[in-house]
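Please look at the sequence and the structure before reading on.

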Amino acid sequence: MAVFPFPTDVHADLGQRAVVDSDALPWLPSPLAGVERRLLDRDGGEVARATSLVRYAPASSFSPHRHGGGEEFLVLEGVFSDEHGDYGPGTYVRNPVGSAHAPFSAAGCTILVKLRQMDPADQTRVVIDTRRSVFVPGLVAGLTVLPLHGFGTEQVALVRWQPDTRFPLHAHPGGEEIFVLDGVFEDEQGAYPAGTWLRNPPGSRHAPFSGSGCLIWVKTGHLGQASSA
């Protein structure tokens, strides 16, 4: 049995709620020098269903590889690159199942990345510069939304909350996943500052709000399909 220098079972049960302060996690080495990871959830060894923060040191690179289960990432800072282009802060990218690339970063970067969590039928490559995109009004006053992708029950978006915005109690039949990009997101179970990763399992309910305002990356409707993939 292979022994890995990192945990291979991190919040792996998609039916369980998880709340992680990513700033409190250690940076763990990857197989490539200059590329480190903070593990948010993971089920498997070096090839795994995973959600991570990945940090590239300046002039670092990752070897060419294929995404057997797809890849989705949001550039948090710096510039991430591959042979298809350069992706600056705020860029959202989806590389579908079967895609391949050789990533690198000349100046260094940090990305939020999800691996092996896509439906093979979803073959749309997506590249969105969210800093140049227009948010549209949300379902309640004080919310604006930037849709990023949708396939089947899965919906991905950035959501901006103005101070003192509240959303009514609602359920997530297919679960919900959130990464807080700025400000403080809240619900009846706690307050989640920037850098918090939050997973609410299928069937969960909450009434979220933000007293000070926040910006979140949010994905809904995907956990049921991920658990059966």
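Leaving out residues up to four places away in sequence, Phe179 touches Ser22, Leu53, Leu76, Leu112, Gly195, Thr196, Trp197, Leu215, Ile216 and Trp217, where contact means heavy atoms within 4.5 Å. The model is predicted: local features need pLDDT of at least 70, side-chain atom pairs count only at pLDDT 80 or more, and totals for chains, interfaces and linings use all residues. Residues are numbered from 1 along each chain as its sequence is written, and side-chain values use heavy atoms, with hydrogens and water left out.

**Nonpolar cores**

Phe179 is among the residues with the most contacts inside the largest nonpolar core, together with Tyr92, Leu112, Leu148, Leu158, Trp197 and Trp217; this core has 18 residues. A nonpolar core is a set of buried Ala, Val, Leu, Ile, Met, Phe, Trp, Tyr and Cys residues joined through side-chain atoms within 4.5 Å. Buried means under 20% relative accessible area, exposed over 50%, and partly exposed in between, with a 1.4 Å probe and protein chains only. At least two residues of the core come from each of strand 2 (18–21), strand 15, strand 17 (143–151), strand 18 and strand 26 (214–220). Strands (E, at least two residues) and helices (H or I, at least four) are DSSP runs, numbered from the N terminus. A second, separate core of 13 residues includes Ile178, Tyr192, Cys214 and Ile216. In soluble globular proteins, nonpolar side chains tend to be buried together.

**Leu158 and Thr130**

Leu158 belongs to strand 18 (residues 154–161) and is buried, with a relative accessible area of 3%. Not counting residues up to four places away in sequence, its contacts include Leu74, Thr130, Phe135, Leu148, Leu181 and Trp217. Thr130 is found in the loop between strand 15 (126–129) and strand 16 (136–137), and counts as buried because its relative accessibility is 8%. Although Leu158 and Thr130 are 28 residues apart along the chain, their C-alpha atoms are separated by 8.4 Å. Beyond its neighbours within four places in sequence, Thr130 is in contact with Gly90, Tyr92, Phe135, Leu146, Leu148 and Leu158.

**Strand pairing**

Two strands pair if DSSP finds at least two bridges between them.

| Strand pair | Bridges |
|---|---|
| strand 4 (residues 35–44) and strand 5 | 9 bridges |
| strand 5 and strand 14 | 7 bridges |
| strand 8 and strand 14 (residues 109–115) | 7 bridges |
| strand 8 (residues 71–78) and strand 11 (residues 91–95) | 4 bridges |

Strand 5 (residues 48–56) is mostly covered, with 8 of its 9 residues buried. A hairpin with 3 residues between the two strands is formed by strand 4 and strand 5. Tyr56 in strand 5 stands opposite Val35, and Tyr56 also has Cys109 in strand 14 as a bridge partner.

**Aromatic rings and charges**

How many aromatic pairs are there? The count comes to 6 aromatic pairs, where rings of Phe, Tyr and Trp (its six-membered ring) pair if their centres lie within 6.5 Å; planes under 30 degrees apart count as stacked, over 60 as edge-to-face and the rest as tilted. The rings of Phe73 and Tyr87 have centres 6.1 Å apart and planes at 75°, so this pair is edge-to-face. Phe73 lies in strand 8 and Tyr87 in strand 10 (residues 85–87), so the pair ties together parts that are 14 residues apart in sequence. Both Phe73 and Tyr87 are buried. One aromatic cluster is formed by Tyr56, Phe73, Phe80 and Tyr87.

The charged end of Arg160 sits over the ring of Phe135, 4.1 Å from its centre, and that of Arg166 sits over the ring of Phe209, 4.3 Å from its centre. A charge sits over a ring if NZ of Lys or CZ of Arg is within 6 Å of the ring centre and within 35 degrees of the ring normal.

**Cysteines**

The structure holds 0 disulfides, a disulfide being a pair of cysteine sulfur atoms within 2.5 Å. Cys109 is buried at 4% relative accessible area, and Cys214 is buried at 5%.
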